Amino acid sequence: QSLLTLSKVLMSLGQKKTGHVNYRDSKLTRILKPSLSGNARMAVICCISPSDQYVDETKSTLQFATRAKLVKTNAVANEVIDNDSALVAKLQLENE
């Protein structure tokens, strides 16, 4: 259930038109929402088998990977700009 919902979310995120993305259908998509839609880099590792016994699962996994490749995120490094560097240095020394 959760992987099917994740696949639907990835498909809607990968489409060019923007619309509502329903993250609330499963716990997995609720947990992954900040990573999928926000300021993060995403990596998906899919494992497949060359065996004839698992052809359907391999095709399904490759289709999932194709949908995951279509998702574009905008990862930007977060910077803290602080004018009071002495206070920052003092707090860093306290933490060590």
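**View 1. Tyr23 in the loop between H1 and helix H2.** Tyr23 lies in the loop that joins H1 to helix H2 (27-37), where helices are DSSP runs of H or I with at least four residues, numbered from the N terminus. The model is a predicted one, in which local features need pLDDT of at least 70 and side-chain atom pairs count only at pLDDT 80 or more, while totals for chains, interfaces and linings use all residues. Residues are numbered from 1 along each chain as its sequence is written, and side-chain values use heavy atoms, with hydrogens and water left out. Tyr23 is buried, with a relative accessible area of 8%; buried means under 20% relative accessible area, exposed over 50%, and partly exposed in between (1.4 Å probe, protein chains only). Leaving aside neighbours within four places in sequence, Tyr23 is in contact (heavy atoms within 4.5 Å) with Val9, Leu13, Thr29, Arg30, Lys33, Leu36 and Ser37. The C-alpha atoms of Tyr23 and Leu36 are separated by 9.9 Å, and these residues are 13 residues apart along the chain.

**View 2. The largest nonpolar core.** Nine residues make up this core, namely Leu6, Val9, Leu10, Val21, Tyr23, Leu36, Phe64, Ala68 and Val71; a nonpolar core is a set of buried Ala, Val, Leu, Ile, Met, Phe, Trp, Tyr and Cys residues joined through side-chain atoms within 4.5 Å. H1 and H3 each supply at least two residues of this core, and H1 gives the most, with three residues. Val9, with neighbours within four places in sequence left aside, is in contact with Val21, Asn22, Tyr23, Thr29 and Leu36.

**View 3. Helix H3 and its buried face.** The buried residues of H3 are Thr58, Thr61, Phe64 and Ala68, and, seen down the helix axis, they fall within an arc of 125 degrees, so they line one face of H3; the arc is that of the directions from the helix axis to the C-beta atoms. These buried residues pack against helix H1 (2-14), whereas Asp56 and Lys59, on the other side of H3, are exposed. In the chain, confidence is highest in helix H3 (residues 55-69), at a mean pLDDT of 91, pLDDT being the predictor's confidence in each residue, from 0 to 100.

**View 4. Ser7 of helix H1.** Ser7 is found in helix H1 and is buried, with a relative accessible area of 8%. Apart from neighbours within four places in sequence, Ser7 is in contact with Phe64 and Arg67, and Phe64 is one of the buried residues of H3.
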